[in-house]
Amino acid sequence: MAAIVRISSVCNRGVKPLFYRSSLLSRPLVAQQKDQERSYPLTARIHGSTSLYAGSGSKAASLHWTGERVVSVLLLAMGPAAYYFPGPAVDYSLAAALTLHGHWGIGQVLTDYVHGEPKIKMANAGLFLLSTVTFAGLCYFNYNDVGICKAVALLWSK
Amino acid sequence: MTFTRQGTCLFRPQFGILYRHAVPMGTTANEEMNRFWAKNNKLNRPMSPHLTIYKWSMPMMMSITHRGTGVGLSGGISAFALLALVLPGNYPYYLDLIHSLSVGPALLGLAKFGIAFPLSYHTLNGIRHLFWDSGKGFKIPEVYRSGYVVIALSILTSIAAISYM
């Protein structure tokens with residue numbers, strides 16, 4: 001911890017430079033020691049990345065996240081698409097995108113508020129059922145009735 | 001005098017010797033969350049007050065509104081789909097039925113606003129979320145500014161949508 005004092009510095013340049021030199025030398029020494037102290041627990045705290053532990057990591061969650069954002073952007077694009085190009089293509093795409101976006105969205109809500117293995121399973125099963133019925137209903141509406149785009153147009157014209 | 005920058009070496013896999021104290025994560029975030037809830041429920045621990053004690057902020061309110069409008073819109077779509085499957089007549093029939101009730105322009109406008117506002121708010125705030133997902137706009141003043149913009153635009157677009165046809 002003490003500064004390394006060189007006899008030559010005292011002899012050649014007097015006392016003052018010695019003080020300055022000692023303070024300059026002591027600080028890096030302290031820093032180096034702190035570095036060494038800290039590096040030990042730092043290695044212990046390092047959690048291996050997925051590349052470290054062979055294959056036990058799954059990319060499912062990360063891919064799900066990306067999928068959610070992709071569907072969100074697609075749904076955004078379908079707004080103007082529905083307005084400028086109404087028809088069965090947009091109707092069915094809208095049915096799919098709306099259902100999937102809603103399914104994943106409610107899924108996040110359930111993950112946040114429902115706890116306990118059996119409750120989580122039941123809630124997700126219920127959600128799956130609801131989303132299936134929703135998609136079926138929307139497709140039925142597109143096929144047997146006026147379709148989503150026309151329905152919105154009619155609703156708004158009243 | 002030199003001293004190695006040990007911080008950077010820790011993150012390179014080839015420096016295996018530095019990892020001898022590292023323990024790879026054996027659990028996912030999901031597993032850890034479930035363990036937390038299982039343990040605390042088993043011990044019958046009461047939940048700490050949170051919503052009732054922390055001061056509500058604009059970002060907090062906007063966040064829960066985003067969730068609320070999302071759930072509401074999703075419920076509305078599901079209800080619509082269910083009715084489409086269950087009810088006998090077709091859409092124009094029911095539309096005329098509602099129209100024949102002659103609810104009046106004020107209530108009609110209110111109903112349209114009730115549909116338009118959640119949709120525009122959720123959409124615009126959704127775009128704000130996508131900006132955050134790309135890493136932008138996290139500084140606190142930016143969060144508040146973008147929030148106010150979303151609210152203002154939501155109200156404006158809803159009013160525009162009502163006045164449109």
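## Tyr113(A)

The unreviewed UniProt entry annotates Tyr113(A) as "binding site"; UniProt positions follow the numbering used here, feature names are shortened, and annotations may be inferred rather than shown by experiment. The structure is a predicted model, in which local features need pLDDT of at least 70, side-chain atom pairs count only at pLDDT 80 or more, and totals for chains, interfaces and linings use all residues.

Tyr113(A) lies in helix H4 (residues 88–113) of chain A. Helices (H or I, at least four residues) are DSSP runs, numbered from the N terminus. With a relative accessible area of 53%, Tyr113(A) is exposed, where exposed means over 50%, buried under 20% and partly exposed in between (1.4 Å probe, protein chains only). Apart from neighbours within four places in sequence, Tyr113(A) is in contact (heavy atoms within 4.5 Å) with Ile64(B) and Arg67(B).

## His101(A)

The "binding site" annotation in the unreviewed UniProt entry also covers His101(A). Helix H4 of chain A holds His101(A), which is partly exposed at a relative accessible area of 28%.

Neighbours within four places in sequence left aside, His101(A) is in contact with Val71(A), Ser72(A) and Leu75(A), and with His122(B).

## Ser63(B)

In chain B, Ser63(B) is part of helix H3 (residues 58–86). Ser63(B) counts as partly exposed, with 43% relative accessibility. From C-alpha to C-alpha, Ser63(B) and His129(B) are 9.8 Å apart in space, while 66 residues apart in sequence.

## Conventions

Residues are numbered from 1 along each chain as its sequence is written, chains are lettered from A and ligands numbered from 1 in the order in which they are written, and side-chain values use heavy atoms, with hydrogens and water left out.

Technical notes:
Helix = DSSP H or I, 4+ residues; strand = E, 2+ residues; numbered from the N terminus.
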